[in-house]
Amino acid sequence: MDHLLSLLRERRDAVRLFYRLHPEAWRYTFSVLFILAALGTGRGKAAMAIFLGIGVMAAYDRWGGPWEQKGAQMLKSKPKTPKL
């Protein structure tokens, strides 16, 4: 029994480490879960929409970094206007 518990703890730590090293993996994990839930309840169009959303997320993860940095620089250089 102790061997099983230690094995589960090791796996849990490995999963935590993986998600800590790859924070974008949470989105993909939940997307797959949502697709499975949509297909399980007979909502094929919703599953297809989620699948297309995964494509958008993958494109952002691959090419969105420079655009995000450029936007952050633009916001930093913009003078702050006082609120009325």
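Biologist: How many aromatic pairs does the count come to?

Modeller: The count comes to 4 aromatic pairs. Bear in mind that the model is predicted.

Biologist: Why is the aromatic pair of F18 and Y19 called edge-to-face?

Modeller: The ring centres of F18 and Y19 are 5.4 Å apart, and a pair needs centres within 6.5 Å. The planes stand at 75 degrees to each other, and planes over 60 degrees apart count as edge-to-face. F18 and Y19 therefore form an edge-to-face pair.

Biologist: What makes Y19 buried?

Modeller: Y19 has a relative accessible area of 16%. Buried means under 20%, so Y19 is buried.

Biologist: And what makes F18 partly exposed?

Modeller: The relative accessible area of F18 is 42%. Partly exposed runs between the 20% limit for buried and the 50% limit for exposed, so F18 is partly exposed.

Biologist: Why is the aromatic pair of F30 and F34 called tilted?

Modeller: The planes of F30 and F34 are 40 degrees apart. Stacked needs under 30 degrees and edge-to-face needs over 60, so this pair is tilted. The centres are 6.4 Å apart, which is within the 6.5 Å limit for a pair.

Biologist: By how much of a helix are F30 and F34 separated?

Modeller: F30 and F34 are 4 residues apart in helix α2, so about one helical turn separates them. F30 is partly exposed, at 39% relative accessible area.

Biologist: Which residues do ring pairs link into a cluster?

Modeller: The cluster linked by ring pairs holds F18, Y19, W26, F30 and F34.

Biologist: How do you know that the reach of α2 is close to what is expected?

Modeller: Helix α2 has 16 residues, and 1.5 Å a residue gives an expected 22 Å. From first C-alpha to last, α2 reaches 22 Å.

Biologist: Which residues of α2 are buried?

Modeller: A25, S31, I35 and A38 are buried in α2. These residues cover an arc of only 150 degrees around the axis, so they lie on the same side of α2. The face turned away from that buried side carries L36 and G40, which are exposed. What covers the buried residues of α2 includes α1 and α3.

Biologist: What makes up the largest nonpolar core?

Modeller: I35, A38, A47, I54 and M57 make up this core, 5 residues in all. Helices α2 and α3 each give two or more residues to the core, and α3 gives the most, with 3. As for A38, its contacts beyond four places away in sequence are R43, A46 and A47.

Methods:
Residues are numbered from 1 along each chain as its sequence is written. This is a predicted model: local features need pLDDT of at least 70, side-chain atom pairs count only at pLDDT 80 or more; totals for chains, interfaces and linings use all residues. Side-chain values use heavy atoms; hydrogens and water are left out. A nonpolar core is a set of buried Ala, Val, Leu, Ile, Met, Phe, Trp, Tyr and Cys residues joined through side-chain atoms within 4.5 Å. Buried means under 20% relative accessible area, exposed over 50%, partly exposed in between (1.4 Å probe, protein chains only). Contact means heavy atoms within 4.5 Å. Rings of Phe, Tyr and Trp (its six-membered ring) pair if their centres lie within 6.5 Å; planes under 30 degrees apart count as stacked, over 60 as edge-to-face and the rest as tilted. The expected span of a helix is 1.5 Å times one less than its number of residues. The arc is that of the directions from the helix axis to the C-beta atoms.
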